[in-house]
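Some words used for structures rest on cut-offs.

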Amino acid sequence: MLTLLTIVLYLFRFLFGACIFSFLTVVIYRLPKGENLVYGRSHCPGCGRTLGVGELIPCISYLVQGGKCLGCKMKISKQYFLTECLGGIAFILCSAGTGSTESGFLSLRGWIAFIYMGILTVVSMIDWNTKIIYDRFHIFIILLGIAAIGLFPEHTLTDRLIGAVIISVPMLILSLLIAGAFGGGDIKLMAASGWLLGWRAMIPAIFIGILTAGIYCILMLAKGKMTRKDRFAFGPFLAIGLAAAYIYGDQMLNWYLSVWQI
């Protein structure tokens with residue numbers, strides 16, 4: 001019985017997170033187009049048909065419809081499905097990694113983490129599509145860092161200030177020395193995130209970001225889909241590192257340091 005209740009709880013967490021991130025797909029689609037984020041019913045980008053309630057169920061609708069619009073049969077971008085799934089996974093990880101209330105819902109620390117994961121997801125998808133990271137998202141992260149000061153006393157003000165510069169400043173110097181090394185949005189993302197996470201989490205964050213980006217480049221070069229001169233969005237890979245570092249950054253850094261102490 002306890003196992004069944006646990007499964008139901010995790011399913012509820014997944015669906016709740018997927019619903020929240022389902023709205024973020026609207027932000028990802030409309031913001032670069034300059035469309036209103038609040039008003040206007042969801043519609044098919046191909047035929048313009050307003051979507052029914054049954055077509056708006058996170059994750060499930062995409063699978064039931066076979067990834068196509070019920071009207072014009074146009075293929076629906078996999079980003080919608082991926083974003084909704086990420087929302088469900090993020091909600092579960094945030095409740096497990098940062099704590100939840102007795103009712104199984106997120107604590108205040110968990111909400112900070114979940115909101116941050118949402119921002120990283122929007123940043124990643126928009127950057128992947130347009131190679132642009134909007135400054136408003138850096139501001140949101142800085143505000144989260146301010147809100148987290150009292151909730152995360154383990155990160156002192158000095159820790160946060162060092163985190164804001166320990167990765168972003170070297171990235172800025174490299175971008176000045178090597179044209180196109182890093183985009184301004186990437187640098188500001190790491191600075192704002194360093195303020196939120198503290199310096200210890202930024203070390204594994206940049207490592208994971210560079211590692212995943214390197215693996216992607218190798219695969220694309222091997223498949224002939226990219227040349228050495230091609231540029232790609234680095235933000236999504238930084239976001240992967242930052243997301244992992246938010247929840248497990250201290251553990252990863254402690255493990256790394258312990259290995260070198262042996």
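A residue counts as buried when its relative accessible area is under 20%. The model shown here is predicted.

Q: Why is S193 called buried?
A: The cut-off for buried is under 20% relative accessible area. S193 has a relative accessible area of 0%, so S193 is buried. This residue is found in helix α8.

Q: What makes the pair S193 and Y116 a polar contact?
A: A polar contact needs N or O atoms within 3.5 Å, one able to donate a hydrogen and the other to accept it. The side chains of S193 and Y116 make such a contact at 2.7 Å. Leaving aside neighbours within four places in sequence, S193 is in contact with Y116, I141, G198, M202 and L242.

Q: Why is α4 called roughly antiparallel to α8?
A: Angles over 145 degrees count as roughly antiparallel. The axes of α4 (residues 108-130) and α8 (residues 184-197) cross at roughly 175° and come within 13 Å. That makes α4 roughly antiparallel to α8. By class, their contact has 7 nonpolar, 1 polar and 2 charged residues. Among the residues that meet are Y116 in α4 and S193 in α8.

Q: How do you know that α6 and α7 are roughly parallel to each other?
A: Roughly parallel applies to angles under 35 degrees. Helix α6 (residues 157-166) and helix α7 (residues 168-177) pack at about 20°, with axes 4 Å apart. The two are therefore roughly parallel.

Q: Which residues of α6 and α7 meet?
A: A164, V165 and I166 in α6 meet S168, V169 and P170 in α7. By class, this contact has 5 nonpolar, 1 polar and no charged residues.

Note on methods:
Residues are numbered from 1 along each chain as its sequence is written. This is a predicted model: local features need pLDDT of at least 70, side-chain atom pairs count only at pLDDT 80 or more; totals for chains, interfaces and linings use all residues. Side-chain values use heavy atoms; hydrogens and water are left out. Axes are lines fitted to C-alpha atoms, for helices over the stretch in contact, and angles run from 0 to 180 degrees between N-to-C directions. Angles under 35 degrees count as roughly parallel, over 145 as roughly antiparallel, 65 to 115 as roughly perpendicular and the rest as oblique. Contact means heavy atoms within 4.5 Å. Ala, Val, Leu, Ile, Met, Phe, Trp, Tyr, Cys and Pro count as nonpolar, Asp, Glu, Lys and Arg as charged, and the others, Gly among them, as polar. Buried means under 20% relative accessible area, exposed over 50%, partly exposed in between (1.4 Å probe, protein chains only).
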